[in-house]
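Hi there,

Here is the structure I promised to pass on.

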Amino acid sequence: MEWLNAENVVAVGTALLGIVASGVMVWYERRVPRRRRIGYRVQMDNPIGDDARSGRANRRLGLFEETPGMTDATLVLLRIENDGSQGIDRDDYTSPEVHGLTAVFTDRTVKGVTVTQPTDTDHLMGHFTVERGFGYDGHTLRVPRVPLNRGDHFKLLVLLSGGDVGSPIRLYGGIREGEVHPNRSATPDDVPPLFSRAARAISVMLTVCVVTLAAIVVARDDTPPPIECAKGRLTVSGSTAFAPVVRDVAERFEHDCEGATIEVDAHGSTAGLRQLDAEGGRKGSASRIAISDGPKSAGMDELVEDRAALSVFALVVNDDVTLTNLSTSAVRRVYRGEIANWREVGGPDLPVRMVSRDANSGTRKVFQHRVLGQNETANTSGDCVERDYRPPDAPIRCELDSTEQVLAMVRRTPGAIGYSELNVAEGTKGLHPLALDGNEPDLKAIEQGTSAYPYREIEYAYTYDSPPAGSLAASFLTYLIRGKGQTTIRSHGHLPCWSPQGLQLCAETVKPANSP
């Protein structure tokens with residue numbers, strides 16, 4: 001079972017531990033009684049007179065010296081507080097006496113006491129009366145039944161004589177469904193912990209569970225391996241426009257599939273399809289793949305297609321041509337040679353120079369199919385600047401071998417117009433793409449169904465017959481079209497045909513441009 005591995009066992013075990021801990025917390029809160037508790041602690045126990053235990057003599061002035069009995073006097077500050085989970089009322093004290101609590105100062109005699117409390121508990125002072133049991137006798141101090149809300153406290157400053165500093169001090173009494181207990185020693189302004197030990201332990205346990213799960217998620221590698229990696233050598237030919245995508249995918253595939261070598265040999269869609277069709281019958285179907293901008297031509301019946309991506313192409317012009325939009329009708333007139341100067345369509349006074357691809361180009365084939373509705377005119381120039389062929393009034397048109405050559409020529413030639421895959425064109429300085437009939441070349445708008453931009457086409461991957469299962473060709477096609485290659489396709493500005501949006505767009509049949 002694929003899920004039964006060390007990482008998953010730890011993750012599931014940690015999650016179950018968290019659930020159990022949560023259940024224990026719920027049970028504890030529901031089944032363990034919410035107790036009333038009075039806590040006390042001695043915050044000060046200092047000598048006024050000589051400290052007999054340490055053998056040290058004090059120095060006193062004023063009342064501390066003049067009042068009788070100060071030679072062995074001590075001062076104790078006793079803090080009494082409600083540190084439970086419920087409020088305490090007068091009736092919650094269970095002592096049979098009038099008072100509620102009794103403080104015992106071992107070996108010492110109470111000489112006097114004063115009560116202090118926070119400013120927001122002034123109402124407590126009315127309970128400290130003789131009628132309600134407040135008083136002292138010998139070594140005991142009687143504390144009245146003082147109602148205390150949760151967190152309330154008061155302090156007793158007690159003057160004692162006899163005994164030693166540090167002698168035991170104890171507070172006792174009865175509380176209904178509760179207890180009186182000493183709590184930890186603290187500074188005068190310290191408060192007891194907000195949560196009990198059990199609550200803190202469960203919180204720590206839950207935190208450890210969450211941190212452990214997070215560490216597992218971060219540390220583990222969930223990247224799926226390539227499907228059916230295969231060894232050997234494979235050549236991918238065809239489209240120069242889609243070649244950057246194929247090169248990146250091939251590099252990742254070689255990294256993920258040790259022993260596989262992918263050679264990218266792009267010389268145009270038509271040339272790639274012809275080579276595949278010619279070699280396929282001799283070398284078999286698993287040694288070559290051809291990428292084509294658009295579908296194969298008639299007569300290549302043995303070639304089997306897979307839709308890889310939807311590509312957007314663009315007409316591009318040199319930046320000296322200030323136009324940003326042309327109608328489809330104007331584009332057709334330009335490529336029929338009817339417009340020789342850009343001023344005829346509202347542009348600058350520059351001659352039109354058409355920089356085209358050769359007959360093997362899939363980008364040219366898509367342009368003729370989707371935009372022109374007919375073939376381009378004949379080639380008239382070798383350098384795309386001067387007219388070499390035909391009559392002097394013929395349009396200047398040249399043909400180049402690759403997308404990169406077209407973009408380089410358009411960039412440095414005033415008045416030049418050409419075409420390219422959109423993502424490559426947008427990254428080239430010195431030229432800009434044209435909108436057609438007001439529709440921008442924008443993949444996102446096409447993907448959202450808000451643009452009728454026509455210059456787009458499916459990128460097909462062709463093999464000679466269906467490659468055998470487990471072959472390098474089959475493995476690479478799956479990787480490119482359905483696997484990690486989809487991320488690379490998207491990063492290059494194309495829409496993967498196997499994405500949710502791409503499935504619909506790639507399945508649609510786009511009508512060819514109408515001939516003028």
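How many bridges join strand β1 to β9, and do the two run parallel or antiparallel? There are 5 of them, and β1 (residues 36-47) and β9 run parallel. One example to click on is Ile-38, whose bridge partner in β9 is Val-180.

Before you go further, please keep in mind that this is a predicted model: local features need pLDDT of at least 70, side-chain atom pairs count only at pLDDT 80 or more, and totals for chains, interfaces and linings use all residues. Residues are numbered from 1 along each chain as its sequence is written, and side-chain values use heavy atoms, with hydrogens and water left out.

**The sheet**

Strands β1 and β9 belong to an open sheet of 5 strands, in the order β4-β7-β2-β1-β9 and with mixed pairing. The strands here (E, at least two residues) and the helices below (H or I, at least four) are DSSP runs, numbered from the N terminus. Two strands pair if DSSP finds at least two bridges between them. As a reminder, strands of a sheet pair through backbone hydrogen bonds, either parallel or antiparallel. β4 (109-116) and β9 are at the edges with a single partner strand each, so one side of each has no neighbour in the sheet. From one strand to the next, the twist averages 20°, where axes are lines fitted to C-alpha atoms (for helices over the stretch in contact) and angles run from 0 to 180 degrees between N-to-C directions.

**A buried helix and its aromatic partner**

Next, please find helix α11 (residues 472-481). Its residues are buried, 10 of the 10, so the helix is largely enclosed by the rest of the structure. Buried means under 20% relative accessible area, exposed means over 50%, and partly exposed is in between (1.4 Å probe, protein chains only). Among the buried residues of α11 are Phe-476, Thr-478 and Tyr-479.

The count of aromatic pairs comes to 9. Rings of Phe, Tyr and Trp (its six-membered ring) pair if their centres lie within 6.5 Å; planes under 30 degrees apart are stacked, over 60 edge-to-face, and the rest tilted. Phe-253 and Phe-476 make an edge-to-face pair, 5.5 Å centre to centre with 90° between the planes. Phe-253 sits in helix α4 (residues 243-256) and Phe-476 in helix α11, so this pair ties together parts that are 223 residues apart in sequence. Both Phe-253 and Phe-476 are buried. Tyr-460 and Tyr-462 form a tilted pair, at 5.9 Å centre to centre and 35° between the planes. Tyr-460 counts as buried because its relative accessibility is 7%, and Tyr-462 is buried at 0%. Ring pairs also link Phe-313, Tyr-335, Phe-367, Tyr-419 and Tyr-455 into a cluster.

**Salt bridges**

Across the whole structure, the search finds 19 salt bridges, each being a side-chain nitrogen of Lys or Arg within 4 Å of a carboxyl oxygen of Asp or Glu.

- Asp-349 and Arg-343 meet at 3.3 Å, N to O, and both residues are exposed.
- Arg-364 pairs with Glu-376, their closest N and O atoms being 3.8 Å apart. Arg-364 is in helix α7 and Glu-376 in the loop between α7 and β16, 12 residues apart, and both are buried.
- Arg-490 pairs with Glu-447, with the closest N and O atoms 3.2 Å apart. This pair links helix α12 (residues 485-491), which holds Arg-490, to helix α10, which holds Glu-447, across 43 residues. Arg-490 counts as partly exposed, at 35% relative accessibility.

Salt bridges that share partners also join Arg-36, Asp-92, Arg-176 and Glu-177 into one network.

**Some loop residues**

Glu-177 lies in the loop between β8 (169-173) and β9 (178-182). Its phi is near 55°, a positive value in a residue other than glycine, and Glu-177 is exposed, with a relative accessible area of 60%. Asp-437 also has phi near 55°; this residue is in the loop between β19 (435-436) and α10 (443-447) and is partly exposed at 44%.

Thr-380, in the loop between α7 (362-372) and β16 (396-400), is buried, with a relative accessible area of 1%. The side chain of Thr-380 reaches the backbone oxygen of Pro-395 at 2.6 Å.

Best wishes

Key:
A polar contact is a pair of N or O atoms within 3.5 Å; within protein, one must be able to donate a hydrogen and the other to accept it, and residues adjacent in sequence count only if both atoms are side-chain atoms.
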